[in-house]
Amino acid sequence: MVGTGFPNAAALRSGDVELVAHVQTVCDRIDVEDSLIQALLPEPGRRQRLTREAEALLARYPDPEERPPLFGLLVGVKDFFRVDGFPTKAGSKLPAALFEGTESDVVTRLRENGALIAGKTVTTEFAYFQPGPTRNPHNTEHTPGGSSSGSAAGVAAGFYPLALGTQTIGSVIRPAAFCGIIGFKPSYDQINTAGMLFFSKSVDHAGVFSQDVATMKLACSALFGSWDSSECAPPDGLPALAVPDGPYLEEAEEVGLQHFEETLSRLAAEGFRIERVPFFSDYAELNRRHRRLTAVEVAQVHKDWYREYSDRYSVHMHEIMKTGATISDEERDEIRADQLRLRHRMEEALLSSDADLWIAPAATGAAPHGIHATGNPIMNLPWTNAGVPALAIPSGKTDDGLPLAVQFCGPFGADERLLAWGEAIEAMVRG
């Protein structure tokens, strides 16, 4: 069920790949395979809509030289972003009318840069832990991860080369790892979140999935509020990598940790300098405080809806709403202040070890069996809490063919440099 590579953006812009024919091919694939994968929310007339939009795009830009950078690229959009012409349900049983509003800024940017919206993708309920029906294209008996389930699975299945997701703990990096694709969580607020629903405003990030880092760079250059092209040239030399030794790394499963150490050995053989840095000694407390911050903030977001529609919420949401109601504003503000302190500690540790990037497992291991749960996001939590950029790159497979991945994290705001290094690293580690 894993999709083959899409034509690159340059081939669509130049017309070497005919856009309408390409749309028909992709729609054929979705018609045949998505009944099993269930990455996309149902849309009657999807093929007809996409054909009309592709024809309109060609009419608007007849000259290949004038076509925008994302011309003709199909994009899946997590059902946590408002998209004109589509209802927003956020994977929930609540009325869509509650979530109506202006189209998400990031979706508008996609359209302005020539992208075609393939459709809304399945998400867990309110981007939390109640799974949807989506399955992993590498093995449909396994989860694709969450909460951006359909976005990751659809890229892996070849339904679209780009997709939008969100991350509150690990909802971009983890499903990217489970599905064997590229996942990127930029620095906090690097992608405008206007028009996006929120779980926890202090930590929610808009993120992107792609089939390769080159496409990710192209997408981010169009989606970021500011993009420094001078930082995108291939850097001289290889980045020095810091490994956060200690309680955090011990959260990985045996297969995940073994693969991570093997990947470090491969990178060392390629000439990378790897520094082991004792870090996150208070990881259990960081985990606890992050989850309390998200609980109090989601309770605030849902206060009015929950009062009227509590019977339509899952047990997972009932539990976090109950926890959130017990947390004071003072505790919330203290935890928010800790986020900046953690960010500064991360940067100081990189500087003191003369390293450029952190490297860590992108998930505890491979995608768990079954779709009743979406896997443990614990390996992603600290980077999300601090708001630093994180890039997941596939780095191998288990003996039974399930993807494994590593994540690279950089200093806050160094997104372009992380992606530039990521493109070089991808060629060395991708499994």
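The report below goes from the whole chain down to single residues.

## Ground rules

This is a predicted model, so local features need pLDDT of at least 70 and side-chain atom pairs count only at pLDDT 80 or more, while totals for chains, interfaces and linings use all residues. Residues are numbered from 1 along each chain as its sequence is written, and side-chain values use heavy atoms, with hydrogens and water left out.

## The whole chain

The protein chain has 13 helices and ten strands; helices (H or I, at least four residues) and strands (E, at least two) are DSSP runs, numbered from the N terminus. Its radius of gyration is 20 Å, close to the 22 Å that the globule rule gives for 431 residues, so the chain is as compact as a globular protein of that length. (That radius is taken over C-alpha atoms, and the rule is 2.2 Å times the number of residues to the power 0.38.) Along the principal axes, the C-alpha atoms fill a box of roughly 55 × 55 × 40 Å.

Among contacts (heavy atoms within 4.5 Å) with a separation of 6 or more, 79% are between residues 24 or more positions apart.

## Strands side by side

Start with strand S8, residues 357–361: five of its five residues are buried. S8 runs parallel to strand S6 (residues 241–245), joined by two bridges, and Leu-357 is the bridge partner of Leu-241. With strand S10 (residues 403–409), S8 pairs in the antiparallel sense over four bridges; there Ala-360 stands opposite Gln-407. Strands count as paired if DSSP finds at least two bridges between them.

S6 is mostly covered too, with four of its five residues buried. Five bridges join S6 to strand S7 (residues 274–278), and these two run parallel. Leu-241 turns up again here, opposite Ile-274 in S7.

## The nonpolar cores

A nonpolar core is a set of buried Ala, Val, Leu, Ile, Met, Phe, Trp, Tyr and Cys residues joined through side-chain atoms within 4.5 Å. The largest one holds 111 residues, and those touching the most other members include Tyr-160, Phe-280, Trp-358 and Phe-408. Helix H2 (residues 19–37) gives the most to this core, with seven residues. A second, separate core has 17 residues, including Leu-94 and Phe-126.

Beyond its neighbours within four places in sequence, Tyr-160 is in contact with residues including Phe-6, Leu-40, Leu-74, Thr-121 and Val-155.

## A helix with a buried face

In helix H4 (residues 105–112), Val-106, Val-107 and Leu-110 are buried. Seen down the axis of H4, its buried residues fall within an arc of 100°, so they line one face of the helix; the arc is that of the directions from the helix axis to the C-beta atoms. They pack against strands S1 (74–78), S2 (116–121) and S3 (162–167), and against helix H7 (213–223). After H4 comes Gly-114, with a positive phi near 95°.

Which residues does a cis peptide bond join? They are Gly-146 and Ser-147, with omega about 0°. Ser-147 is in the loop between S2 and helix H5 (149–157).

Phe-126 is found in the loop between S2 and H5, and its phi is positive, near 50°, in a residue other than glycine. Phe-126 is buried, with a relative accessible area of 2%. Phe-280, in the loop between S7 and helix H9 (283–309), has a positive phi of about 55°. Phe-280 is buried, with a relative accessible area of 1%.

Definitions and conventions. Buried < 20%, exposed > 50% of the residue type's maximum accessible area, 1.4 Å probe, protein only.
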